[in-house]
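Hi,

Here is the structure I said I'd pass on. Have a look at it first, then read my notes below.

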Amino acid sequence: MSRRKQIYEGKAKILYEGPEPGTLVQYFKDDATAFNAQKKAILDGKGVLNNRISEFVMTHLAEIGIPTHFIKRLNMREQLIKKVEIIPLEVICRNVAAGTMAKRLGIEEGEKLPRSVVEFCLKRDDLGDPLIAEEHIHAFGWASSSELDEMIAMTLRINDYLQGMFAGIGIKLIDFKIEFGRLPISNEDGVVGHQVVLADEISPDSCRLWDRETNKKLDKDRFRRDLGEVTEAYTEVATRLGIIKEQNQHNATILSVVSNDD
Ligand code: C5P
């Protein structure tokens, strides 16, 4: 494990102090949790796969002009990122009814929504990340009006791009969760403002991804719902994205990385 100073440990990632001021190292663990950490497991190789998939997605989003915290991947489990102040919201975008929306509104899972829907949850583990209205965000000052407008606009652009990217490899993007941070903007007078940037990760841990033909789940629902073959599904996503050349070859790589890297 790294010798760097640990800043924060979450359920699936650890943040360490970075080599330069204003940077952090984001380490992807193999830990899987669901239902607010009531269900836990270690999935060998999951961290390696999410590091690679999130790198791939963030790099492509940067190419279409989405500002992100990602700087570069350092190794199989770590990436260098810009230090941001995380906005305490989980932004969820849905194209097809599933998960909590299907349950809450009594819609059959798999029903296409009339339009993409953006939802907000408050990032509070102790409260189970409750769904909130934009009114709450304004009233409690969790984000300013302009930050909220930017987050919504970026979320819809990300959704548009990712839907196309996954469609190209035979996968339907059902929904996803993203987080944003405030990146300080400085000049010779010091910090003069902040830019809203995409933070955290985008991976099969934070998206619902279904095979276009069979509706096979290729995401964390395999863990949540005890469907088995979780890392195999994540490996399939990475393989279809072209991150991994040969599935079998990669499984061997992951096993050797897991034993050498920790
Ligand atoms: O559970 P729910 O249907 O609200 O999840 C919507 C989307 O947000 C899913 O893709 C899920 O993986 C993601 N999510 C997440 N982290 C959470 C809650 C949801 O990544 N804490």
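Let's start with a salt bridge: the side chains of E85 and R182 meet, with N and O 3.1 Å apart. E85 sits in strand β8 (residues 85-86) and R182 in strand β12 (residues 171-187), so this pair ties together parts that are 97 residues apart in sequence. Keep in mind that this is a predicted model.

Are the two partners buried or exposed? E85 is partly exposed, because its relative accessible area is 45% and that category runs between 20% and 50%. R182 counts as buried, because its relative accessibility is 12% and the cut-off is under 20%.

R182 has another partner too: its side chain meets that of E147 in a salt bridge of 2.6 Å, N to O. E147 belongs to helix α4 (residues 145-167) while R182 is in strand β12, so here the parts tied together are 35 residues apart in sequence. In this pair, both E147 and R182 are buried.

There's also a salt bridge between E179 and K177, whose closest N and O atoms are 2.8 Å apart. Both of these residues are buried as well. Then look for a network: salt bridges with shared partners link R94, R104, E109, E119, D175, R208, K217, D221, R224 and R225. The whole count comes to 29 salt bridges.

Now zoom out to the domains. The protein splits into domain 1 (6-85 + 231-259) and domain 2 (86-211), and their C-alpha centres lie 19 Å apart. Domain 1 brings 29 residues to the contact and domain 2 brings 32.

How much area is buried between domain 1 and domain 2? It's about 2700 Å², with carbon and sulfur atoms giving 60% of that. On the domain 1 side, P67, E85 and R240 lose the most area to domain 2, together 24% of what that side buries.

The interface of the two domains has 6 salt bridges. As for R240, its side chain forms a salt bridge with D211 (2.7 Å, N to O). Between domain 1 and domain 2 there are 19 residue pairs in polar contact.

Which elements of domain 1 touch domain 2? β3 (23-28), α1 (46-63) and α6 (230-240) each supply at least two residues to that side, and α1 gives the most, with 9 residues. Sorted by class, the domain 1 side has 14 nonpolar, 8 polar and 7 charged residues.

Cheers

Notes. Residues are numbered from 1 along each chain as its sequence is written. This is a predicted model: local features need pLDDT of at least 70, side-chain atom pairs count only at pLDDT 80 or more; totals for chains, interfaces and linings use all residues. Side-chain values use heavy atoms; hydrogens and water are left out. Domain bounds come from an automatic or database domain assignment. Contact means heavy atoms within 4.5 Å. Buried area is the accessible area (1.4 Å probe) that two parts lose on being put together, summed over both. A salt bridge is a side-chain nitrogen of Lys or Arg within 4 Å of a carboxyl oxygen of Asp or Glu. A polar contact is a pair of N or O atoms within 3.5 Å; within protein, one must be able to donate a hydrogen and the other to accept it, and residues adjacent in sequence count only if both atoms are side-chain atoms. Helices (H or I, at least four residues) and strands (E, at least two) are DSSP runs, numbered from the N terminus. Ala, Val, Leu, Ile, Met, Phe, Trp, Tyr, Cys and Pro count as nonpolar, Asp, Glu, Lys and Arg as charged, and the others, Gly among them, as polar. Buried means under 20% relative accessible area, exposed over 50%, partly exposed in between (1.4 Å probe, protein chains only).
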